[in-house]
Amino acid sequence: MKKRCFTYQSDPNLEERFMDDIVGLLDEHDVEESLKRRVCLTVSEAFTNALRHGNNSDPTRKITICLSINRNQISADITDQGTNGLRSIMKKSAPGPLSESGRGVDLMYHYAARTRFEETSQGGLRVILEFDRESQEVS
Amino acid sequence: MDIIIKDESNVCILNLRGRLDLASGTALKEEVNKLFAQDKVSIHFNLMEVEFINSSGLGALVSIMKEIRLRKGRLTLSNLASYVKEIFEITQLSHIFEIFETETEALNSHQPTLAG
């Protein structure tokens, strides 16, 4: 499985750049359009959570995105340099109908085949998103 | 994101093109605030050319809708691509927003009804 990692500052204006990096990598592996959309959306949600909640929009803190791709599976790993990220995910409640935030984790669970949250040894949050290429293509 | 604004007689139409995410959602709210400053509170978003939307983009739309409601105005959406529509359905925001298939249908709904 080929793995490539990208590291970004916690800057919302970098979202377009990281998306270009990810789309370029997915295109290199001929990932079909609907699966590409799912990967991009869920990684975007994890990136935004890392930026706003994990790293508190502190530009000195980094977000690392690693993508592993083979014929059968895509795995995305998004890690921040925050603290207590796992606890805040565990405490998360469903957003109200007029809430302006809180829908990102639900979208990750919906669009990824498997979603896991782990705490890094430094206390940051690591989000692991996995997608099955074959099952996505059949559906 | 590119935002093209057309000012019709009783409704402002915003054609959105590109990505609707955290950064562009903030820019969109700023554009709409300029319309509020001109007392324009009947607003339509044509999303035909929105190629990507995430929860931050949805949050910006919810924020704008709430502000419009406070100002006794109205927000409509139209021309959602299938994948955008799906995201509205998953998040149940399809029940919150007034969503039309076409811009024409949405604009017709903005027309004042004549009292009989």
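## Helices H1 and H2 of chain B

H1(B) and H2(B) are roughly parallel to each other, since the angle between them is about 15° and angles under 35 degrees count as roughly parallel. Their axes lie 8 Å apart, and H1(B) passes H2(B) in a right-handed crossing. This description, like the rest of the report, refers to a predicted model.

On the H1(B) side the contact is made by Leu22(B), Gly25(B), Thr26(B), Leu28(B), Lys29(B) and Val32(B). Their partners in H2(B) are Ser56(B), Gly57(B), Gly59(B), Ala60(B), Ser63(B) and Ile64(B). By class, the residues of this contact are 5 nonpolar, 6 polar and 1 charged.

## The contact between chains A and B

Chain A gives 19 residues to the contact between the chains, and chain B gives 18. On the side of chain B that touches chain A, the elements with two or more residues are H1 (22-37), H2 (55-70) and H3 of chain B. H2(B) supplies the largest share of that side, with 7 residues. The side of chain B that touches chain A comprises 8 nonpolar, 7 polar and 3 charged residues.

## Helix H3 of chain B

Helix H3 of chain B spans residues 82-90, and its buried residues are Val84(B), Ile87(B) and Phe88(B). Viewed down the axis of H3(B), these buried residues fall within an arc of 100°, so they line one face of the helix. An α-helix has 3.6 residues a turn, so residues three or four places apart point the same way.

Just after H3(B), Gln92(B) has a positive phi of about 65°.

## Helix H4 of chain B

In helix H4 of chain B (residues 103-110), the buried residues are Glu103(B), Ala106(B) and Leu107(B). They cover an arc of only 95° around the axis, which places them on the same side of H4(B). The face turned away from that buried side carries the exposed residues Thr104(B), Glu105(B) and Asn108(B).

The cover over the buried residues of H4(B) includes strands E2 (12-20), E3, E4 (74-78) and E5 of chain B.

Leu75(B) lies in strand E4 of chain B. It counts as buried because it has 21 C-beta neighbours inside 10 Å, the cut-off being 20 or more. Beyond its neighbours within four places in sequence, Leu75(B) is in contact with Ile43(B), Ile64(B), Met65(B) and Ile68(B). Val41(B) is 34 residues away from Leu75(B) along the chain, and the C-alpha atoms of the two are separated by 7.9 Å.

Phe97(B) is placed in the loop between H3 and E5 of chain B. With 17 C-beta neighbours inside 10 Å, Phe97(B) counts as partly exposed. Leaving aside neighbours within four places in sequence, its contacts are Met65(B) and Leu77(B). Met65(B) is also in contact with Leu75(B). Phe97(B) and Val62(B) are 35 residues apart in sequence, and their C-alpha atoms are 8.4 Å apart in space.

## Helices H2 and H4 of chain A

In chain A, the axes of helix H2 (residues 33-54) and helix H4 (residues 104-111) come within 9 Å and cross at roughly 150°. H2(A) and H4(A) are therefore roughly antiparallel to each other, and their crossing is left-handed.

From H2(A), the residues in this contact are Arg38(A), Leu41(A), Thr42(A), Glu45(A), Ala46(A), Thr48(A) and Asn49(A). They meet Gly104(A), Leu107(A), Met108(A) and Tyr111(A) in H4(A). The contact of H2(A) with H4(A) divides by class into 5 nonpolar, 4 polar and 2 charged residues.

## Positive phi in two loops

Ser57(A) has a positive phi near 60° and is a residue other than glycine. Its place is in the loop between H2 and strand E2 (62-69) of chain A. Ser57(A) is exposed, with 12 other C-beta atoms within 10 Å.

Asn79(B), likewise a residue other than glycine, has a positive phi near 60°. Asn79(B) is found in the loop between E4 and H3 of chain B. With 20 other C-beta atoms within 10 Å, Asn79(B) is buried.

Terms used: Residues numbered from 1 in each chain as written. Chains lettered and ligands numbered in written order. Predicted model: local features only at pLDDT ≥ 70, side-chain atom pairs only at ≥ 80, totals over all residues. Helix = DSSP H or I, 4+ residues; strand = E, 2+ residues; numbered from the N terminus. Arc of directions from axis to C-beta. Contact = placed C-beta atoms within 7 Å. Nonpolar A, V, L, I, M, F, W, Y, C, P; charged D, E, K, R; others polar. Axes fitted to C-alpha atoms, helices over the stretch in contact; angles between N-to-C directions. Parallel < 35°, antiparallel > 145°, perpendicular 65-115°, else oblique. Left-handed = near helix turned anticlockwise from the far one by under 90°.
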